[in-house]
Structures are given as structure tokens and as C-alpha cells.
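Hi there,

Here is the structure I promised to pass on. Have a look at it first, and then read on for what turned up.

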Amino acid sequence: MMIGAPDMALPRMNNLSFWILPFAFAILVSTLFMEGGGPNFGWTFYAPLSTTFAPDSVNYFIFAVHIMGASSIMGSINIIATIMNMRAPGMTYMKMPLFVWTWLITAFLLVAVMPVLAGAVTMMLMDINFGTSFFNAAGGGDPVLFQHVFWFFGHPEVYIIILPAFGVVSQIIPTFSRKPLFGYSSMVYATAAIAFLSFVVWAHHMFTVGMPIAGELYFMYATMLIAVPTGVKVFNWITTMYRGALTFETPMLFSIAFVILFTFGGFTGLMLSVAAADIQYHDTYFVVAHFHYVMVAGAVFSGTAAVYYWLPKWCGKMYNETMGKIQFWIAFIAFNITFMPQHFLGLAGMPRRYADYGLQFADWNMVSSIGAFMYGGAQLLFLFNVVRTITHGQPVSDAKVWEGAEGLEWLVATPAPYHTFIKPPVMSVGGEGPEWRVDAPAPAMAFKMAPEAG
Amino acid sequence: MSSEGNYYVPEQSKLPIFCATAMGLMAFGAASWVIEGGDAKIFLVGLALMTVVMYKWWSLVIDENMQGLVSPQLKHSYVLGMLWFIFSEVMFFAAFFGALFYVRVLVNAWIGGEAAVALFDSTPTAAAAANNEILWPGYERQWPVMQTPDQAVNGDSAMFKGPDRSMSLPLWEYPVSQWLSKLYTLLPWLPLWNTVILLTSSFTVHLAHTGLKEGKRDVFLRYLGITVMLGFLFLCLQVAEYYEAYAHYGLTLKSGIYGTTFFMLTGFHGAHVTLGTAMLLIQFIRGLKGQFSSDDHFGFEAASWYWHFVDVVWLGLFLVVYIFG
């Protein structure tokens with residue numbers, strides 16, 4: 001919808017990539033009930049834990065990952081084809097909304113790294129069942145090879161999660177600042193730079209496996225470089241708000257919290273990137289705190305912001321603003337109560353991935369648990385608010401729900417009609433930036449279905 | 001960018017959910033199959049469903065195209081889809097090539113007690129040597145790995161035993177000065193013939209394409225037919241090569257990292273040749289039915305791109321697995 005297209009470029013393939021997921025998840029869940037138990041080697045499934053010492057259910061895990069990978073690849077190819085091929089006439093790449101840009105780059109990352117993950121699990125499959133020795137030094141292979149292949153996928157994967165979040169925030173902050181995004185083109189280049197760097201820094205997850213010093217140094221410096229384009233982005237978001245006519249609706253609150261917390265997580269990331277220091281931090285709660293600040297504050301906060309922001313457009317009803325704000329403040333405070341103490345725990349030496357911990361860590365763990373329950377409560381409130389909006393929300397009929405919102409999705413009726421653009425929208429170049437004219441979508445569409453999200 | 005006028009959105013279809021069901025069955029079935037004592041029933045059911053779905057799906061797409069429903073914009077989406085799919089395949093092979101280089105250049109040196117690349121690898125030689133002495137004493141850096149670290153330590157009771165012979169260029173057994181007189185040893189060397197076959201087939205598929213564009217149907221069919229036969233011939237030779245490896249070279253999937261990388265790289269390539277041959281065969285049948293015109297033949301074009309991609313991968317394999325294997 002943001003590029004003026006009626007649907008994805010390849011709608012049936014889109015449908016297929018969606019329907020694969022329930023089957024893949026069903027396979028994964030079924031492993032829990034199998035003899036020998038479900039896969040018991042954590043999300044990073046390092047060899048030999050996931051090969052030599054794995055339960056039989058690992059095979060189901062492997063094939064589920066295969067079809068999920070196929071789903072991701074098809075979905076991403078579809079996104080790329082849609083963005084490259086279905087933009088409205090006159091919408092050049094540098095006039096696309098930033099959210100679209102971040103998705104284009106995310107999709108590219110997915111197409112590039114999902115096959116590598118498929119390769120990694122295939123190697124596991126062969127090692128487990130067919131006697132190969134990829135991850136077995138006895139045959140001349142190396143368990144560390146698994147970590148290299150895995151993190152070549154795994155590091156871009158975390159950017160796959162965060163880049164769309166950047167896009168969301170880049171849409172919301174200008175709207176509620178009533179100013180265009182500061183430094184649009186530098187945002188695009190920064191996103192591309194982050195994507196490029198994500199391919200060449202994977203081994204900073206493996207500083208303690210015994211790489212040569214040259215390798216440690218290279219991955220340390222390359223990792224630090226990521227701070228540069230990220231800094232550009234943070235600077236642009238803040239400068240967009242500078243001297244803007246700010247209002248603080250719920251999506252904006254979440255976006256500002258995103259900028260603050262993500263920046264904080266970015267700084268602890270810089271601490272971790274120092275190879276010499278990382279040897280102390282490695283696999284402690286400090287790392288846990290770091291990636292929750294970037295991932296939860298990054299992906300979950302911006303996801304929440306996105307839902308509040310586009311919900312009126314999706315269903316034609318307004319959410320309860322007061323409840324939204326209450327949810328925000330609980331979430332923001334609870335998040336910090338949960339994860340801030342984990343920095344102290346980690347620095348004091350509490351390791352990750354143990355069910356138990358020493359007594360000296362008990363106090364901060366209790367604080368953290370209280371925060372976690374509060375945070376969970378905030379999420380329940382969020383769910384309640386969304387459901388209530390759909391069932392009992394105030395109807396909105398303005399095409400432009402938010403006063404300062406720009407972009408194609410705010411020019412069409414609310415809620416958006418099915419297959420929004422039957423004809424491409426027409427662009428007339430005005431004084432400042434592009435101006436779009438959307439012909440009222442013809443009512444001729446015979447389909448009767450719920451409106452699709454753009 | 002979109003053209004003027006209305007967008008084309010194909011009508012709704014139930015095929016995707018059947019396709020996903022088939023994939024789910026195949027994944028679950030394959031996992032049940034590889035576990036000891038398992039069987040292939042569920043997998044085969046999935047495969048059968050998948051075959052039906054693929055036939056129906058492509059028939060539908062071809063029908064829609066023949067009716068003139070497919071807009072130039074959608075055709076361009078097909079082009080983009082195929083190109084990015086090939087890119088994802090490139091990355092899949094990259095994982096295996098990467099694994100090969102990592103093991104061959106770095107790991108092999110480290111467990112052999114040496115520094116890998118003197119310029120970059122500052123691991124002190126003493127530390128590397130200790131590494132070797134403690135973990136795999138007696139193992140020496142070598143490629144192809146004919147004697148695994150396991151064998152170096154455990155001798156005949158080793159689980160991983162290296163192969164008796166490798167698939168490398170036969171000339172390496174002789175000093176360079178004798179190469180000219182030993183050229184005949186290349187004659188029974190199958191990889192060389194397979195290279196010739198694949199390169200020729202890439203050329204013939206191009207000739208078929210040119211013929212089609214010029215509207216010469218007979219040229220198109222002749223060269224496409226030859227291409228399919230060359231693809232089939234390649235596969236036959238590869239089967240012969242694998243038989244030779246298992247029966248006479250002691251080279252199997254289980255013979256250490258050399259057997260592992262050799263069979264996984266060439267095996268996945270072979271699987272892709274099989275797929276490519278099948279794709280081209282279908283295009284040949286479609287050609288016989290007269291479904292292509294000189295300006296509308298994307299089905300064939302996509303298959304031929306795939307074929308060229310498979311050919312390029314082979315050249316990489318030929319270089320790093322066979323010649324410098």
C-alpha cells in the first residue's frame with residue numbers, strides 16, 4: 001500500500017510462504033512429545049551438542065528449519081520483486097517511504113543468509129545420519145566450523161529483525177514532529193551500510209573460541225564500524241524532532257523510547273565488541289542485558305508503536321489513547337527494571353544459560369523478575385487494547401488519521417479497501433517533495449473480505 | 001515500475017495451501033525416514049501431492065499466459081523472482097564452498113600443528129604444535145586428507161578412515177617435466193569429460209535460445225534436445241564416478257573430511273543438474289506443443305539461466321575439488 005500496489009508482485013507465492021509456517025511450527029512443536037525429548041541445544045544449536053549428543057528429534061528440527069527457510073526466501077523474493085516492480089509511476093527509489101527501504105534491504109539480507117542456514121542444518125543432517133565429518137575433528141572437520149556457518153547467518157539475522165524497526169520509527173517520528181524526516185538519503189545509505197557490515201562481522205560472537213589474533217582484531221574493528229551508520233540514524237531521528245511541533249501520542253512515545261533504549265543497547269554493544277574485554281563479558285548476563293536492550297526495546301517497542309500507528313488504518317477504529325499511554329509507561333519502566341539489573345549481574349560474573357545461580361546474585365534477580373511480571377502485564381494490556389479497538393473502538397473515517405502523516409497509505413479511505421490500488425496512483429511534483437493524487441478506488445471489486453494490511 | 005492502466009491481480013487459488021501441506025508432509029516424512037528404523041511412507045505421500053500441485057500450478061500459470069492475462073509487469077516480476085532465486089542458490093553453494101576453504105586452509109593446518117597462513121595467522125608455532133601433540137598426535141597437514149586425524153591416533157580402530165585414492169588431477173602424481181608425456185592419463189579421468197559435456201551444453205542451450213528468438217522452431221528444438229541429452233549424459237557419468245569411488249577408491253561419505261566435502265559439493269551440484277535437466281525437458285515438451293513464441297518464452301529463458309548457473313558452479317567445482325583437489 002505504501003508504494004501504491006494492489007497486492008504483492010506474486011500473490012500466490014505470498015500465500016504459499018505464509019501457509020508453510022503453520023506446518024513448520026507444527027513439526028517443531030511435535031518434537032516436544034517425541035521419545036528422547038525435543039531439541040535440547042538452545043537456539044544457536046552448536047555442534048557437537050546438536051549432532052553427536054542430540055536426541056532423534058533433531059531431524060525434525062532440521063527439516064522444519066528447511067521449509068521455514070524456503071518460506072522466508074520466497075517471502076523475501078516476493079518483497080524484492082514487489083518493491084522493484086510495483087512502485088507507482090514516478091515513485092523513484094529515493095522517493096520511497098523509509099519503511100519500504102528498510103524492508104527491501106531486509107529482504108535482500110534474508111535471501112542471502114537463509115540458504116546459508118539451510119547449508120548449516122544440512123551439514124548437521126549429514127553428520128548425524130550419514131557419517132560425514134563436517135563438525136568432527138576426528139575426520140578432519142571442526143566443530144568451530146559450525147559456529148562460523150551459523151553466525152554468518154545469525155548476525156545478519158539480528159539485523160533482519162531490527163531494520164524494519166528502524167523503518168517504523170522513521171515513519172512515526174516525522175508524523176508526530178510534523179516535520180519531514182531529517183537526512184532521508186543518509187538514512188538510506190546508513191541502512192545499506194549496516195546491511196553490508198552485517199555480513200563481515202559474524203565472528204564477534206565467537207571471540208572466545210580461539211581464533212588467531214588477526215581474526216580477533218579484524219572482527220573487533222569491523223564490529224565497531226557498525227556504530228557509525230547507527231549513529232547517523234540516531235542523530236537523524238533526534239534532529240527530526242528538534243524544533244518540531246511535537247505531540248506525544250502512544251506510537252510516538254514508543255518510538256522515542258525505542259531511540260533512547262536502542263542507543264543504550266548500542267553502547268553496551270560497543271563495550272562487547274572490544275575483543276579483549278569481551279572475554280570477560282562473554283556468555284554472562286551482561287550480554288543478555290545488551291541484546292534485550294537492542295532487540296526488545298528495538299523490535300518489540302517499535303512493533304508496538306507500529307500497531308498503534310497503523311491500527312486505525314487497518315480496522316477503521318481508534319484505540320483507547322489513555323490505555324495506550326498507561327501501557328507505554330508500565331512497559332517502559334518495567335523493561336528497565338527487568339533488564340538494567342542484568343548488566344550488574346553480568347559484570348559480577350553471573351553466566352547465561354544456567355537454570356540456577358549463586359546466592360550473591362539473588363537480590364538483583366528478584367528485582368529483574370518483578371520487572372518481568374510487570375512487563376508481561378503491560379503486554380496483556382496491549383493485547384486487550386487491540387482486541388477492544390477491533391470490537392468496540394471509536395470509528396474513524398478520515399483518510400489521514402494522524403495530522404502530520406505523509407505517504408500513500410494516508411490518502412486512501414479508512415479502512416483501506418481490498419486491493420487498495422486498482423489503478424496506479426498519479427504523482428504530481430509539487431514544490432516540496434512529491435504530491436500524490438489517488439483516484440477513488442473503483443468499487444467494482446467483487447471480493448468480500450476483510451481489508452488487508454498495507 | 002508499473003505501466004499505465006489497471007493492475008493485474010490473478011484470481012484466488014487453493015494451490016498454495018496444498019503446496020504447503022505437501023512440503024509439511026515431506027519435511028516430517030524425511031525426518032521420520034532418516035531416523036533409524038524409520039520408513040519413507042509419509043515422505044512419499046508428500047512427494048506425490050507435491051508433484052500433483054506443481055503440475056496443476058504450472059498448468060494454471062501457462063494457461064493464464066496463453067489467454068493473454070499476464071501483463072508485462074507481472075512477467076517482469078517473474079524475471080525478478082527467478083534471478084533472486086538463483087542468487088539464493090549461489091549463497092547455498094557458498095556455504096559449502098566456504099566450509100571447504102575453512103577446513104582446508106585453516107583447520108587442517110591447526111590440527112596438523114602448523115600456522116595456516118603465515119601472514120595473517122599469528123598463532124605461535126609452539127602453541128599450534130602443542131595443539132597437535134595433545135589432540136591429534138601424529139597427524140600431518142595434508143590435502144586431500146588421505147589419513148584422518150582419527151587414524152593418526154587410533155590406527156585401524158579409527159571410525160573415520162581416509163580414502164585409498166582421491167579424485168584429483170592424475171597429473172599431480174608426476175613431476176611437471178613428465179606432464180606432456182603423461183597427458184594420456186587424463187583420458188579416463190571422468191571429471192574432464194563432464195566439464196566438456198557441461199560447457200558444450202551451456203553453448204547448445206544458448207544456440208537454442210538464439211534459434212527461438214529468430215523464430216526458427218526446428219533449430220530451437222534440435223539444440224534444446226541436444227542439451228537435455230548432454231545433461232542426462234553428465235548424470236550418467238557422475239553415477240559411474242560415484243560407483244568407482246565407492247567400489248574401487250574407498251572414497252565414501254564416511255571417509256573423513258575429504259569424502260565429506262567431495263560428495264556434498266558434487267552431490268548437491270548433481271542434484272541441481274538433475275533439476276535443471278528436468279526443467280529443460282519440460283520446456284522441450286512445451287516447445288513440441290508449440291507454446292513458445294519468439295518474444296514470449298520466459299519459461300524456457302528461466303530454465304536456461306538456471307542451466308548456465310549450474311554450469312558456472314561446476315567450473316568452480318572442477319577447479320577446487322578436482323584440479324586442485
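Let me start with a question: with which residue does A:Asp283 form a salt bridge, the closest N and O atoms being 3.5 Å apart? The partner is A:Arg352. Please keep in mind throughout that this is a predicted model.

A:Asp283 has a relative accessibility of 32%, so it counts as partly exposed. A:Arg352 has 16%, which is why it counts as buried.

A:Asp283 also meets the side chain of A:Arg353 in a salt bridge, at 3.8 Å from N to O. Here again the pair links distant parts of the chain, 70 residues apart, with A:Arg353 in the loop between H11 and H12 of chain A. A:Arg353 counts as exposed because its relative accessibility is 52%. Through shared partners, the salt bridges join A:Asp283, A:Arg352 and A:Arg353 into one network.

**A salt bridge between the chains**

Over all chains, the count comes to eight salt bridges. One of them is formed by A:Arg12 and B:Glu64, whose closest N and O atoms are 2.8 Å apart. This pair crosses between chains: A:Arg12 sits in helix H1 (residues 11-30) of chain A, and B:Glu64 sits in helix H2 (residues 41-66) of chain B. Both A:Arg12 and B:Glu64 are buried. As a general point, side chains of opposite charge can pair when their charged atoms come close.

**How H10 and H12 of chain A pack**

Next, the helices that follow those loops. Helix H10 (residues 285-315) of chain A packs against helix H12 (residues 362-392) of chain A at an angle of about 15 degrees, and their axes are 11 Å apart. Angles under 35 degrees count as roughly parallel, so H10(A) is roughly parallel to H12(A). Their crossing is left-handed.

Which residues make the contact? From H10(A) they are A:Val296, A:Val300, A:Phe301, A:Thr304, A:Val307, A:Tyr308, A:Leu311 and A:Cys315. From H12(A) they are A:Tyr375, A:Gln379, A:Phe382, A:Asn385, A:Val386, A:Thr389 and A:Ile390. The residues of this contact divide into 11 nonpolar, four polar and no charged.

**A:Phe339 in H11**

A:Phe339 is placed in helix H11 of chain A. Is this residue buried or exposed? At 10% relative accessibility, A:Phe339 counts as buried. Leaving out residues up to four places away in sequence, A:Phe339 touches A:Ala289, A:His292 and A:Tyr293. The C-alpha atoms of A:Phe339 and A:His282 are separated by 17 Å, and these residues are 57 apart along the chain.

**Chain B as a whole**

Chain B has nine helices and zero strands. Its C-alpha trace spans about 75 × 50 × 40 Å along the principal axes. Of the 325 residues of chain B, 47% count as buried. Among contacts in chain B between residues at least 6 apart in sequence, 65% join residues at least 24 apart.

How values were computed
Residues are numbered from 1 along each chain as its sequence is written. Chains are lettered from A and ligands numbered from 1 in the order in which they are written. This is a predicted model: local features need pLDDT of at least 70, side-chain atom pairs count only at pLDDT 80 or more; totals for chains, interfaces and linings use all residues. Side-chain values use heavy atoms; hydrogens and water are left out. Axes are lines fitted to C-alpha atoms, for helices over the stretch in contact, and angles run from 0 to 180 degrees between N-to-C directions. Helices (H or I, at least four residues) and strands (E, at least two) are DSSP runs, numbered from the N terminus. Angles under 35 degrees count as roughly parallel, over 145 as roughly antiparallel, 65 to 115 as roughly perpendicular and the rest as oblique. A crossing is left-handed if the near helix is turned anticlockwise from the far one by less than a right angle, and right-handed if clockwise. Contact means heavy atoms within 4.5 Å. Ala, Val, Leu, Ile, Met, Phe, Trp, Tyr, Cys and Pro count as nonpolar, Asp, Glu, Lys and Arg as charged, and the others, Gly among them, as polar. A salt bridge is a side-chain nitrogen of Lys or Arg within 4 Å of a carboxyl oxygen of Asp or Glu. Buried means under 20% relative accessible area, exposed over 50%, partly exposed in between (1.4 Å probe, protein chains only).
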